[in-house]
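Hi everyone, thanks for coming along.

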Amino acid sequence: MLGSRAHHAIWRHIVQVLIIAGLLGYMFPFFWMVSTSLKPKSEFYTYPPSLLPGHPSFGAFSSVLIGRGYITLLGNSIVICLSAVIFILALSLLIAYPLTRLSLPARVKTGILQWILSLRFLPPIVVVVPIFAIIRTAGLYDRPVSLIFLYSAFGLPFAVWMVKGFLQEVPKELEEAAWVDGASRSYAFFRILLPLLAPGILATAVISFALSWSEFLFALILTATPRAQTFPVGVWGLVTQFQIIWNEMAAVGVISVIVPVCLLLFGRRYVLSALTFGVIREKS
Amino acid sequence: MSLAIKGRQVAERKLAIYLLALPIAFLLSVTVYPLLHTISLSVHDFRTGAFVGTQNFLRAFNDPALVASVRVTVIYVCVAVLSEAVLGLLAAVVINRSVSSPLLRGLIYSVMIVPMVTPSVAAGVIARLIYIPGYGILNYVLRAAGIISRDVLWLSTPSSAMFCVLSVDIWQWTPFVFLVLFAGLTAVPRDIVEAALVDGASGVELFRYVELPFLKNLLLMVVMFRFADTFRVFDHVMALTGGGPGSATEFLSVYLYRIAFKFWNLNYAAAIAIFVVIVASILMYFLGKVLTSEVA
């Protein structure tokens, strides 16, 4: 028995070492990208390619952000995504609150929820053609506002389901107690429910931001100039150039990954829980 | 039912309608209205604008490029979803059994979430830095290991280009399957596992009769999500191969994009879009069934 237990312990250690090695391997592409972004141009012609930059510099970052003016695209992305997040939060509360707190026929509730969920599975490419035509006739082509509008709509289904889940976790009795004390419905909502929902709202905001931040198809089709182009369009623009400049390409890649990863530092647990449909409920 | 309660119910319904009206109208205007517009586009000619009925659809059925696109899309969806499901499930079971330290578990959660929030275009960039001839590190590693003697042109041979595009999807989304199932496994009651082990169940039997039944619904759900998302694959393909070489990685979205925004045949593109919607709806229908039994 003891022998088998010792055997078991050794086996576990081996597996754990393998898992850590696997994690490092999984992260290698990121490492390679960061390393490439820090290499000066001269280091791309040496063979074999070096793992670490010999003379690390932020030259590629400044030449792409300032020299190519990608800082404008970064600004566009931030403005568009933040605006979309605000709309998404407001609209998802408007939908989720009545569906969880007000007395509606159960069939209506599940019907609306299922319809909203089904929109999550609508491939954007199938509505992109008419949306392009509509945006053009409305004179909103190459304007950030059209992307804000679309990101709000396409981010909404996911957010509604998240907010709905968080709302269901707050007992209705808390608000009812406030009503008994004479508080109005809106007072109970803003002063009692909303503060309790704050962590969930934050997680919804982070995920909605990350989803809008990654969006590429609409941005590619509905923008043409730095007036409205988002950062992913800029990333793509560098990739499809005839002569590819490796360190600049890696630098834009690094920037586009760093932004959502930094956001994840806020409320990782809630984000994980939301990304995995609430399966992860670990206290960490 | 007393009058007071009934009055409150009526008031609540009224409020619900006020609150829901604006966001639902908004969603309808961005999704359902464009869909109707797509249908109208699909039955008109793109040069004259005249009503042509099913002509665009008939053209779609006889379009070899569309057939090729459907073919590569099917291959892509099947290989990606299957690999992600198998690898994610395997990793979840193995890691759940061998890692108990909360620190290491926390580290795994943190690391695995990063690929999921990486913009797909950026994932395409990362893959380029690995596969591209010259600077790409993969050729160097394979040469150093003596597996190949000359650089492989990963992105310009049809079969390897498909492999490259698939590898990005699998790298980025296996963590999603893994995280859901890994978390799902923590819900398996400890005493059931122990009872099975006392009864002499082997590792495989434990998986087959205890863990798998617990994970079944979750697995079905993640597979449906991955199905829907691989079906619309676009971003990293554009950054990595642009649909090429030839049409080796010209998936439905990429083909539709080319017809609409390179050839500007919006009407034919609309007909293809309708076809895609029909297939997507069938998938959606099944997903709805799974989710209602799971969530509601």
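Let me start with contacts, meaning heavy atoms within 4.5 Å. In chain A, of the contacts with a separation of 6 or more, 72% are between residues 24 or more positions apart.

Before going on, some housekeeping. This is a predicted model, where local features need pLDDT of at least 70 and side-chain atom pairs count only at pLDDT 80 or more, while totals for chains, interfaces and linings use all residues. Residues are numbered from 1 along each chain as its sequence is written, chains are lettered from A and ligands numbered from 1 in the order in which they are written, and side-chain values use heavy atoms, with hydrogens and water left out.

So what is chain A built from? It has twelve helices and zero strands, with helices (H or I, at least four residues) and strands (E, at least two) taken as DSSP runs numbered from the N terminus. Chain A is more spread out than a compact globule, because its radius of gyration is 24 Å, well over the 19 Å that the globule rule gives for 284 residues. That radius is taken over C-alpha atoms, and the rule is 2.2 Å times the number of residues to the power 0.38. The C-alpha trace of chain A spans about 80 × 75 × 35 Å along its principal axes.

How much of chain A is buried? Of its 284 residues, 52% are, where buried means under 20% relative accessible area, exposed over 50%, and partly exposed in between (1.4 Å probe, protein chains only).

Most residues other than glycine have a negative phi, and most peptide bonds are trans. A:Asp142, however, has a positive phi, near 60 degrees. This aspartate sits in the loop between α5 (125-137) and α6 (144-169) of chain A, and A:Asp142 counts as buried at 6% relative accessibility.

Over in chain B, B:Trp264 also has a positive phi, of about 55 degrees, and is not a glycine. B:Trp264 lies in the loop between α11 and α12 (266-294) of chain B, and is partly exposed, with a relative accessible area of 44%.

And where is the cis peptide bond? It joins B:Gly244 and B:Pro245, with omega about 0 degrees. B:Pro245 belongs to the loop between α10 (235-240) and α11 (252-261) of chain B.
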